[in-house]
Amino acid sequence: MARIVERRDLPREQADGLCKQLEDIDVELDQLTVAERVIARLLADDEPGGAESEADAGPEPLNLPPG
């Protein structure tokens, strides 16, 4: 019986450890998302011509001949 309890508790402990790792990863992802937004804003402010960067402006129009 003791071996069954040990075998049951080990996966539970492993699952708890994995859940903690996932929580830590979620926190780090949230922090990286915030950092990415801050850096994007800072870079956009440094762009000549205003806060809108070329990447945000969209594609350039095509110059097609009439006809």
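A residue is called buried when its relative accessible area is under 20%, exposed when it is over 50%, and partly exposed in between (1.4 Å probe, protein chains only). The model is predicted: local features need pLDDT of at least 70, side-chain atom pairs count only at pLDDT 80 or more, and totals for chains, interfaces and linings use all residues. Residues are numbered from 1 along each chain as its sequence is written, and side-chain values use heavy atoms, with hydrogens and water left out.

**Exercise 1.** Classify L29 by its accessibility and state where it lies.

Solution. Step one: the relative accessible area of L29 is 46%, so L29 is partly exposed. Step two: L29 belongs to helix α1, which covers residues 2-46; helices are DSSP runs (H or I) of at least four residues, numbered from the N terminus. Step three: together with L22, I25 and L32, L29 makes a nonpolar surface patch of about 390 Å². Such a patch joins nonpolar side chains (Val, Leu, Ile, Met, Phe, Trp, Tyr) within 5 Å, each residue having over 30% relative accessible area and no salt bridge.

**Exercise 2.** Describe the salt bridges of the structure.

Solution. Step one: a salt bridge requires a side-chain nitrogen of Lys or Arg within 4 Å of a carboxyl oxygen of Asp or Glu. Step two: a search of the whole structure gives two. R8 pairs with D9, with 3.4 Å between the closest N and O atoms, and D24 pairs with K20 at 2.8 Å, N to O. Step three: D24 and K20 are both in helix α1, four residues apart, about one turn of the helix. Step four: D24 counts as partly exposed because its relative accessibility is 39%, and K20 does so at 47%.

**Exercise 3.** Summarise the chain as a whole.

Solution. Step one: the chain contains two helices and zero strands. Step two: of its 67 residues, 3% are buried.

Methods:
Patch = residues over 30% accessible without salt bridge, like charges linked within 9 Å, V, L, I, M, F, W, Y side chains within 5 Å. Areas by Shrake-Rupley, 256 points an atom, 1.4 Å probe, with all protein chains shown as cover.
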